[in-house]
Amino acid sequence: KLSGDGSTLAILADRVDTGLDSEGNASTLASVNIKNTRLYIYKRNGEQWNIHSTIVVDETSLSETANENQFYGNKYLNSNLAINKNGDFIAVSFLDSGDNSDLLGRVNLYKLGFSTDNEYGLCAFSASLGVEYLGVDLSLSDDGTILAFSSRTWSSFPNFQGNVRVFKFTETSSTPPAIGAGVFNFQQLGSTLTNNVFGQYFRVNAFGEKIALNGNGDRLAVLRIDTGFNSFSEFASARVNIYEYQSDAWVLIQQLQNNDFDFDPGEEAHYGNDGGTGYRQEDSTSGFDIAISQDGKAVAFGAIDPF
């Protein structure tokens with residue numbers, strides 16, 4: 001993703017270290033396959049892009065990530081990132097095995113110059129405290145100090161409901177604690193947002209699959225899929241909830257809807273480990289997103305079935 005001023009480019013990538021050296025021979029790590037989630041940060045210098053930082057966000061053995069692929073395509077969440085206007089703050093979400101090897105969502109916030117001049121340092125994080133997987137989508141305010149993120153919740157996996165939280169970076173401590181569940185240098189703004197009507201959807205959130213903060217971080221757009229008690233696209237329609245932060249609370253000020261704007265189910269596809277039917281393809285996601293203007297007065301969204 002590119003910062004608003006065009007000065008900074010952030011790229012998130014997963015790679016697997018197989019324990020083999022460059023010639024294919026076994027090294028000291030041959031018995032352990034490590035999945036690395038890495039953040040590559042580039043800075044623009046005139047017409048040239050130069051690598052500024054490479055951050056290893058997470059290292060997890062593949063045995064600990066087996067659960068995310070036990071049913072092909074039913075991953076809890078994919079790694080994601082957000083960047084603020086001038087590129088000083090970058091937020092990253094990823095699956096974190098934690099101390100007990102359970103797959104938990106985690107969001108890290110990195111700040112330029114936090115611990116070392118001209119280097120990005122981990123300045124805040126939030127890790128799952130319960131049975132949910134946070135970090136489905138992320139959005140930062142222009143100054144990078146306000147972060148919104150959505151989480152996966154469910155009553156019948158993998159039909160997801162979803163919620164959204166907004167945090168403010170407090171910078172109360174300069175030393176991150178040991179990795180684990182909890183919150184560091186974040187203060188939640190208002191209460192956790194959930195759908196005002198029951199909704200669940202197959203493999204994506206009915207509430208908060210896509211979110212967007214305006215420039216000041218005081219107006220929030222949340223994509224909502226209305227499904228009733230069904231969880232498939234032929235019964236669904238897309239809506240957007242608009243919230244504004246007023247008197248320490250997020251107030252629902254408008255719901256964007258159009259009875260003619262139905263949820264597009266896209267095309268069915270047959271793939272998966274068993275070669276069977278019933279999976280939906282992830283190849284037509286360009287129309288499934290949301291954006292809000294800097295002043296929070298304009299919203300654009302699309303509603304193609306992402307699976």
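Author: The charged end of R106 sits over the ring of F125, 4.0 Å from its centre. This is a predicted model, in which local features need pLDDT of at least 70 and side-chain atom pairs count only at pLDDT 80 or more, while totals for chains, interfaces and linings use all residues. Residues are numbered from 1 along each chain as its sequence is written, and side-chain values use heavy atoms, with hydrogens and water left out.

Reader: What makes a charge count as sitting over a ring?

Author: NZ of Lys or CZ of Arg has to be within 6 Å of the ring centre and within 35 degrees of the ring normal; for R106 and F125 the distance is 4.0 Å.

Reader: Why is the aromatic pair of Y133 and W154 called stacked?

Author: Rings of Phe, Tyr and Trp (its six-membered ring) pair if their centres lie within 6.5 Å, and planes under 30 degrees apart count as stacked, over 60 as edge-to-face and the rest as tilted. Y133 and W154 are 5.3 Å apart centre to centre with 10° between the planes, and therefore the pair is stacked. Y133 lies in strand 8 and W154 in strand 10 (residues 154-156), so the pair ties together parts that are 21 residues apart in sequence; strands (E, at least two residues) are DSSP runs, numbered from the N terminus.

Reader: Why is the pair of W154 and F160 edge-to-face?

Author: Their ring centres are 5.8 Å apart and their planes stand at 70°, so this pair is edge-to-face.

Reader: How do you know whether Y133, at 11% relative accessibility, is buried or exposed?

Author: Buried means under 20% relative accessible area, exposed over 50%, and partly exposed in between (1.4 Å probe, protein chains only), so Y133 at 11% counts as buried, as does F160 at 1%, whereas W154 at 23% is partly exposed.

Notes: Helix = DSSP H or I, 4+ residues; strand = E, 2+ residues; numbered from the N terminus.
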